[in-house]
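Work through these exercises with the model open beside you. Try each task before reading its solution.

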Amino acid sequence: MKIGIICYPTYGGSGVVATELGKALASVGHEVHFITYTQPPRLDFFSENIFYHEVSVASYPLFEYLPYESALASKMVDVTVNEQLDLIHVHYAIPHASAAYLAKQILKYKGIHVPVITTLHGTDITLVGRDPSFEPVVTFSINESDGVTAVSESLRDDTYSSFEILSNIEVIPNFIDLERFKKQPKEHFKLAICPNGEKLLMHTSNFRKVKRIEDIIHVFAKVQKQVPSKLLLVGDGPERSGIEALCRDLGVASDVRFLGKLDTIEEALSLADLFFLTSEKESFGLAALEAMACEVPVISSDAGGIPEVNIHGVTGFVSKIGDIDDMVANTVKILKDEALHTQMKANALARAKDFSLEKILPMYERYYEKIVGQS
Ligand code: GMT
């Protein structure tokens, strides 16, 4: 198939899922055309089946806000006509689903029919999409998509309860490349960070408010009083300076390392004893899955789709959002019980295998065939 993939070229979240999906589709023989405003970070190599089309928005003094959605729709029209796409697959509804709807209508006038699949990723439904400034467009463009997928059951249910959706939403969970995300022998690095055999706790995210990273710092400050430990924070974003200040206020700054954005997250995960994901909203929790694939048990909140990935009492523990004392108790329980820790590491890897690329990719391919066949 010739597939157009529209996504945000981000380091994490929906952008990474879309990029990895496109790469995997190309590796099994599909022709994949990425359409974004800049080259996605994980697309920095040559493949005969992968093409990249940049959306550039012409500037004009009248425009206080550049009309990206129009430029994106125009690019989708151009690529569909010239590359004869069989399918357009947009990731994250805003504004990709409505731009795809517009492109589809324009293509109709040219006598071309191209089906559109929208994959919902999280905040497009649970946060941003609910805002009255977006809601009517999100509802309309989901209903007008030929196919709709959500990355977890929780996100599918949230979509049905928050929007008036008339169509079927297929759950196709996120996936993991187990060849890349696996525990690597990095003991010398571990020794450098934890010279006295401390436990290493870790979190990675885009440092946005919904991640509730302050909860991790409070948990860590309490855990540290019972178990000698260090905290590794990977990623960057708007909350970072506030989190640094909180570390100083709680007197734990010297035991917390901020690594910033890191391309080789799997190397850092290979050192970790536990992973934290304490979000207020999280449709899936790809970061937790990456940790689990590297044999790291997860201490998480019960937000959104996280409990579908991190199984309470098996691959780690799940607490109510913001229940710091429960998270502290669960962290200490794992760190102090070597047999439990070893068992949970194995369980985490076993659970991660349920989301292997080999299992999930055929689900997308079957869904593509169904939607193309129907339309
Ligand atoms: O976490 C973010 O804010 C980024 C966001 C995105 O769409 O890029 O991530 C969402 O999509 C990921 C991939 O499907 C999911 O693993 C994340 O759980 C989800 N984030 C939220 O729901 C907050």
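Two strands pair if DSSP finds at least two bridges between them. Keep in mind that this is a predicted model.

**Exercise 1. Find the neighbours of β8.**
Task: Which strands does β8 pair with, and in which sense?

Solution. 
- Step 1. Locate β8 at residues 199–205 and β9 at 229–235.
- Step 2. Count the bridges: β8 and β9 share 7, and the pairing is parallel.
- Step 3. Check one contact. Threonine 204 has valine 234 in β9 as its bridge partner.
- Step 4. Turn to strand β11, residues 274–277. It pairs with β8 in the parallel sense, over 2 bridges. This count meets the cut-off of at least two bridges.
- Step 5. Check a contact here too. Leucine 201 is bridged to leucine 274 of β11.

**Exercise 2. Follow the chain from β8 to β9.**
Task: What is the handedness of the β-α-β unit that β8 and β9 make with helix α8?

Solution. 
- Step 1. Start on β8 and find helix α8 at residues 213–223.
- Step 2. Take β8, α8 and β9 together: the unit is right-handed.
- Step 3. Look at how covered β8 is. Of its 7 residues, 6 are buried.

**Exercise 3. Describe the second largest pocket.**
Task: How do the residues lining the second largest pocket divide into nonpolar, polar and charged?

Solution. 
- Step 1. Note the volume, about 150 Å³.
- Step 2. Pick out lining residues, including Phe189, Ala192, Ile193, Leu232, Arg257 and Glu267.
- Step 3. Assign elements. At least two lining residues each come from α7 (187–193), β10 (256–260) and α10 (265–269). The most come from α7, with 3 residues.
- Step 4. Sort by type: the lining has 8 nonpolar residues, 1 polar and 2 charged.

Note on methods
Residues are numbered from 1 along each chain as its sequence is written. This is a predicted model: local features need pLDDT of at least 70, side-chain atom pairs count only at pLDDT 80 or more; totals for chains, interfaces and linings use all residues. Side-chain values use heavy atoms; hydrogens and water are left out. Helices (H or I, at least four residues) and strands (E, at least two) are DSSP runs, numbered from the N terminus. On a 1 Å grid over the protein atoms alone, a cavity is a set of points where a 1.4 Å probe fits but cannot get out, and a pocket is an open set with protein on both sides within 12 Å along at least five of seven lines; lining residues have an atom within 4 Å of a point. Grid points are joined across faces, edges and corners, and a volume is the space filled by probe spheres set on the points. Ala, Val, Leu, Ile, Met, Phe, Trp, Tyr, Cys and Pro count as nonpolar, Asp, Glu, Lys and Arg as charged, and the others, Gly among them, as polar. Buried means under 20% relative accessible area, exposed over 50%, partly exposed in between (1.4 Å probe, protein chains only). A crossover is right-handed if, with the strands pointing away from the viewer, the path from the first strand over the helix to the second runs clockwise.
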